[in-house]
Amino acid sequence: MKSIADKLIDQLPKAELHLHIEGTLEPEMMLTLAKRNNINLPYKSVEDVRTAYEFNCLQDFLDLYYLGMSVLVTEQDFYDLTWAYIERVHADGLTHVEMFFDPQAHTDRGIKFETVLGGIVSALETAQKELNISSKLIMCFLRHLPEEEAFEALSCACKHKEHIYGVGLDSSEAGNPPEKFTRVFTAAREEGFVAVAHVGEEGTAGNVKEALDTLKIERVDHGNHAFDDPDLVKRLAQQQTPLTMCPISNLRLKGIPTLSASPVKKALDAGVLVAVNSDDPSYFRGYLNDNYRAVHDALNLNENELITLAKNSFAGSFLEDREKQKQLDTIDNCVESIKRQTG
Ligand code: ADE
Ligand code: ZN
């Protein structure tokens, strides 16, 4: 029989706030699209792809991530990719997603910005209509590229403000501090986009502070190394700045030696608004609920902590207050119903 914790993980409504749509590309779809678009890959079979997914650090993963997404060419490809993710996480109880996409990784290959955006948006509209899953899109700047190229992406995004809610910063953190993108983040905020950034994944607590103070981010993606600086942890808790943590991703990229070293429990204990997410679920072999299960088991989280994580996923979202409250009420009702079933 399933435990209450298992039922909570399976059934609670949840939001995912840290998810790269390109990181959901499953090996089967990668090979199908490679064939459909005549793209040469160094893999012959699904097993070849899976065998390649052994990473020693963030850069190892990024190299294969950019290679894999080379099969995405048409608007239909981006639609199929996004719809496959939505169907998969619908089964996990997901009701809201704030999804990253990396347009520069596609426009650099000659794919039009509108091709990428069109396919993703169209699948997200179907998700809202057919499955009542709401969403917001966050366009990430690739931090290994120059700031001038980020400005080009921003100018494309400005033509599609109705579909793009925020800007983020991802790719290689080492050697690419937040400060490199001060001007483009200032311009993006002036254009009305909210700002978030990957910081403290491999980089230091100093990067987290710099992103808060200079880029004026409203949410921290990862933020693991914030826990090296007790004053920063106090600040994050006091300001209730959300942290979008990704425990299985951290394990696969060797940011932590074991799941028991995940800072999720430390964050909960410190009163930080932490949410659990999958990051790139195909590459790291774990979707949203796998991440909840992983922290539950490794960190001995109790039922209340699981409920807090699900609530934080909405509290830390960019949903309007009324919508947040609706989702939080649904969680309370779901908890009551699970407790009644279990006696
Ligand atoms: N792009 C996709 N996943 C990422 C991660 N975990 N860190 C930085 N850039 C990424
Ligand atoms: Zn990420």
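**Exercise 1: Cysteines**

How many disulfides does the model have? Work it out, then look into Cys-57 and Cys-156.

Solution. This is a predicted model, and the count comes to zero disulfides. To get there, use the cut-off: the two cysteine sulfur atoms must be within 2.5 Å. For Cys-57, the closest cysteine sulfur belongs to Cys-246 and sits 17 Å away, so that's too far for a bond. Next, Cys-156: its nearest cysteine sulfur, in Cys-158, is 9.2 Å away, and Cys-156 is in no disulfide.

**Exercise 2: Two helices**

Describe how helix 1 packs with helix 17.

Solution. Start with the geometry: helix 1 (residues 4–11) and helix 17 (residues 321–342) pack at about 145°, and their axes are 10 Å apart. The crossing is right-handed. Now list who touches whom: helix 1 brings Ile-4, Lys-7, Leu-8 and Gln-11, while helix 17 brings Cys-334, Val-335, Ile-338, Gln-341 and Thr-342. Sorted by class, that's five nonpolar, three polar and one charged residues.

**Exercise 3: Positive phi**

Where do Gln-240 and Lys-254 lie, and what is the phi of Gln-240 and of Lys-254?

Solution. Keep in mind that most residues other than glycine have a negative phi. Gln-240 has a positive one, near 50°. You'll find Gln-240 in the loop between helix 11 (230–239) and strand 7 (243–245), partly exposed at 39% relative accessible area. Lys-254 has a phi of about 60°, also positive. Lys-254 lies in the loop between helix 12 (247–252) and helix 13 (264–269), and counts as partly exposed at 48% relative accessibility.

Note on methods:
Residues numbered from 1 in each chain as written. Chains lettered and ligands numbered in written order. Predicted model: local features only at pLDDT ≥ 70, side-chain atom pairs only at ≥ 80, totals over all residues. Heavy atoms only, no water. Axes fitted to C-alpha atoms, helices over the stretch in contact; angles between N-to-C directions. Helix = DSSP H or I, 4+ residues; strand = E, 2+ residues; numbered from the N terminus. Left-handed = near helix turned anticlockwise from the far one by under 90°. Contact = heavy atoms within 4.5 Å. Nonpolar A, V, L, I, M, F, W, Y, C, P; charged D, E, K, R; others polar. Buried < 20%, exposed > 50% of the residue type's maximum accessible area, 1.4 Å probe, protein only.
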